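Student: Hi! I have a new model open and would like to talk it through with you. Could we go over it bit by bit?

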Amino acid sequence: MANENQDVERQVWQRVFAQPQTKPEGDDLRMLVLSSLEAAGAYRYLAGILTGRSRELARRLWEEEQETTACLRGLHRLSGGGKERPKGISAIQDRPDKVLEKCYHRARRTVTEYTARTVDSEFGSVFRRLAAKEEEHCARIAHLLGSNG
């Protein structure tokens, strides 16, 4: 009985002192880059077809998403992933309201992904900023959808 308690206690302490396994892997970061490129493509498409203030909001989303893509590429390099660039994204041709709906849902998933990575000891602070920016994108997308739908 005493041996069982010691084994359990040892396992508990091993878990307590274990290093978290949250370091972003190269493939994971590549997928985030790809998702960011898709979002940037959608925002660029919207900036090209919307008018007035909506066009300006979409253009700003596009520019900010390009910054996010560059940041994610930098994290990919810092994690040992190299300079490779994902292939181009297919062109979007859909109604603006449908594109905005897809953008919103993608942005919400991205907020969750970035937030989960904020505990990383090396890149956590960067993901915290990216998550906040993506939350702002969700609000802008909802605004665009409400004013154009």
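Student: Okay, where is Arg117 found?

Tutor: Arg117 is found in the loop between H4 and H5. Helices here are DSSP runs of H or I with at least four residues, strands are runs of E with at least two, and both are numbered from the N terminus. Keep in mind that this is a predicted model: local features need pLDDT of at least 70, side-chain atom pairs count only at pLDDT 80 or more, and totals for chains, interfaces and linings use all residues. Residues are numbered from 1 along each chain as its sequence is written, and side-chain values use heavy atoms, with hydrogens and water left out.

Student: Thanks! Is Arg117 buried or exposed?

Tutor: Arg117 counts as buried because its relative accessibility is 8%. Buried means under 20% relative accessible area, exposed means over 50%, and partly exposed is in between, with a 1.4 Å probe and protein chains only. The C-alpha atoms of Arg117 and Arg128 are separated by 7.9 Å, with the two residues eleven apart along the chain.

Student: And what does Gly124 touch?

Tutor: Leaving out residues up to four places away in sequence, Gly124 touches Arg117 and Thr118. A contact means heavy atoms within 4.5 Å. Gly124 itself is found in helix H5, and at 2% relative accessibility it counts as buried. From Gly124 to Tyr114, ten residues along the chain, the C-alpha separation is 8.7 Å.

Student: Let's zoom out. How many helices and strands does the chain have?

Tutor: There are five helices and zero strands, so the pattern read along the sequence is α-α-α-α-α. Of the 149 residues of the chain, 31% count as buried. Among contacts between residues at least 6 apart in sequence, 77% join residues at least 24 apart.

Student: Switching to rings: how many aromatic pairs does a search of the whole structure find?

Tutor: The search finds one aromatic pair. The ring centres of Tyr114 and Phe127 are 5.8 Å apart and their planes are at 45°, so the pair is tilted. The pair links distant parts of the chain, with Tyr114 in helix H4 and Phe127 in helix H5 (residues 124–148), 13 residues apart. For the cut-offs, rings of Phe, Tyr and Trp (its six-membered ring) pair if their centres lie within 6.5 Å; planes under 30 degrees apart count as stacked, over 60 as edge-to-face and the rest as tilted.

Student: Are those two residues, Tyr114 and Phe127, buried or exposed?

Tutor: Both Tyr114 and Phe127 are buried.

Student: Which residues line the largest cavity?

Tutor: The lining is made of Leu32, Ser35, Ser36, Ala39, Glu65, Arg106, Thr110, Tyr114 and Glu134. Helix H2 (26–49) and helix H4 (96–116) each supply at least two of the lining residues, and H2 gives the most, with four.

Student: What about Thr68, which residues does it touch?

Tutor: Not counting residues up to four places away in sequence, Thr68 touches Ser36, Tyr114, Leu130 and Lys133. Thr68 lies in helix H3 (residues 52–78), and it counts as buried at 1% relative accessibility.

Student: And Ala40, where is that found?

Tutor: Ala40 is found in helix H2 and is buried, with a relative accessible area of 7%. With residues up to four places away in sequence left out, Ala40 touches Trp62 and Glu65.

Student: Last one: which residues touch the most other members in the largest nonpolar core?

Tutor: Of the 17 residues in that core, Tyr43, Leu46, Cys103, Ile141 and Leu144 touch the most other members. H2, H3, H4 and H5 are the elements that give two or more residues to this core. A nonpolar core is a set of buried Ala, Val, Leu, Ile, Met, Phe, Trp, Tyr and Cys residues joined through side-chain atoms within 4.5 Å.

How values were computed
1 Å grid on protein atoms, 1.4 Å probe; cavity = no way out; pocket = protein on both sides within 12 Å on 5 of 7 lines; lining within 4 Å.
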